[in-house]
Each structure stands twice: as structure tokens, then as C-alpha cells.
Amino acid sequence: MSAATFRLLIAGTLGVVSVALAAGTFEVTAGQREYQANCAACHGASGAGGGPLTDFLPRPPPDLTTCALRNGGSFPTELAWHTVDGRSFGREDKLREMPLWGESFHKAALSSSEPPDEPEQVVNAKIWSLVEYLKSIQR
């Protein structure tokens, strides 16, 4: 699949997720909003897997609702942070299929109409909200 086709699939998927969220009458947290915008396409709306892009990935993404279970009952906060951020793994990690969200969030902050004085604070807030959301969906 070409990069352009992949981008179109992601854009379409995110549009569907956005419409579904907008139609809901429930309160959406910042972390849930970040998750739906950036993670649900691969990890599924609930985090249990089966996102619409799963068939296009080399391996199915993990069930994010079982992170604590797979870590002896304790949610691995630091590992989750580094996994979402991704910059400590770097592009040379051939096993990493997930985007480097820290890098993406940083670029987005710098390219916004009013770039923040401290873009890394924006990155940290987004990652922290995602980690907190992931904690909240553990089985």
C-alpha cells in the first residue's frame, strides 16, 4: 500500500471517529479525545484492538485494556509514557510500528497558528492525558 493510500485511510477513519464522538452525549476527556484522534484507528475505539487499520498492519496492535494485567496487575505508567512518546526508541527501532507521537505532537505544536513558547509542555500534556486515559480503560 502506498503512503498516500495509507494517509487517506487514516483520514477517513479519523473522520468517522470524530463524527461518532460528536454525536455522543457523554463527556469526553482530553485523553479520550487524543486516543480517538490518534490511536483508535489501529487499537480500536475501546482499546481492545480491531481498529479499522488493523488489516493493513504487519501485526495486530496489542489490547490496551490489558496493560495492567500483563504487568502483574499494575499499570506500567512509565513504559506507557515512553511507548506513546516514542522518541526514546527512535526511528532505528525496526520493531516499532507505532508512530513517534512525541515527535508528531511537537511538530503540530510548532506549526499551529500560535506556536507555544514551550512546545514540549504541549507534548507532555498530550502524552500525559493519553496515559491517564489508558489507565482508565484497564480491565
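Analyst: Let us begin with the way helices cross. The model is predicted. In it, helix H6 and helix H7 form a right-handed crossing.

User: At roughly what angle do the axes of H6 and H7 cross, and within what distance do they come?

Analyst: The axes of H6 (residues 101-110) and H7 cross at roughly 135 degrees and come within 9 Å. H6 is therefore oblique to H7, since an angle counts as roughly antiparallel only over 145 degrees.

User: Which residues of H6 and H7 meet?

Analyst: From H6, the residues are Gly102, Phe105, His106, Ala109 and Leu110. Their partners in H7 are Pro119, Glu120, Val122, Val123, Lys126, Ile127 and Leu130. By class, this contact of H6 with H7 comprises eight nonpolar, two polar and two charged residues.

User: How is the packing of H5 and H7 described?

Analyst: Helix H5 (residues 77-85) packs with helix H7 (residues 119-136) at an angle of about 130 degrees, and their axes are 10 Å apart. H5 and H7 are therefore oblique to each other. The crossing in which H5 passes H7 is right-handed. On the H5 side, Thr77, Ala80, Trp81, Val84 and Asp85 take part; they meet Asn124, Ile127, Trp128, Leu130, Val131, Leu134 and Lys135 in H7. The contact of H5 with H7 divides into eight nonpolar, two polar and two charged residues.

User: How should I read an aromatic pair, and how many are there?

Analyst: A pair of aromatic rings is described by the distance of the centres and the angle of the planes. The count here comes to three aromatic pairs. One of them joins tryptophan 81 and tryptophan 128, whose rings are 6.3 Å apart from centre to centre, with 50 degrees between the planes, and the pair is tilted. Because tryptophan 81 lies in helix H5 and tryptophan 128 in helix H7, this pair ties together parts that are 47 residues apart in sequence. Tryptophan 128 has a relative accessible area of 41% and is partly exposed.

User: Is threonine 65 buried or exposed?

Analyst: Threonine 65 has 6% relative accessibility and counts as buried, the cut-off being under 20%. Its place is the loop between helix H3 (40-43) and helix H4 (67-70).

User: Which residues does threonine 65 touch, leaving aside those up to four places away in sequence?

Analyst: With those left aside, threonine 65 touches Ser46, Gly47, Ala48, Ile137, Gln138 and Arg139. Threonine 65 and serine 136 are 71 residues apart in sequence, while their C-alpha atoms are 8.7 Å apart in space.

Methods. Residues are numbered from 1 along each chain as its sequence is written. This is a predicted model: local features need pLDDT of at least 70, side-chain atom pairs count only at pLDDT 80 or more; totals for chains, interfaces and linings use all residues. Side-chain values use heavy atoms; hydrogens and water are left out. Axes are lines fitted to C-alpha atoms, for helices over the stretch in contact, and angles run from 0 to 180 degrees between N-to-C directions. Helices (H or I, at least four residues) and strands (E, at least two) are DSSP runs, numbered from the N terminus. Angles under 35 degrees count as roughly parallel, over 145 as roughly antiparallel, 65 to 115 as roughly perpendicular and the rest as oblique. A crossing is left-handed if the near helix is turned anticlockwise from the far one by less than a right angle, and right-handed if clockwise. Contact means heavy atoms within 4.5 Å. Ala, Val, Leu, Ile, Met, Phe, Trp, Tyr, Cys and Pro count as nonpolar, Asp, Glu, Lys and Arg as charged, and the others, Gly among them, as polar. Rings of Phe, Tyr and Trp (its six-membered ring) pair if their centres lie within 6.5 Å; planes under 30 degrees apart count as stacked, over 60 as edge-to-face and the rest as tilted. Buried means under 20% relative accessible area, exposed over 50%, partly exposed in between (1.4 Å probe, protein chains only).
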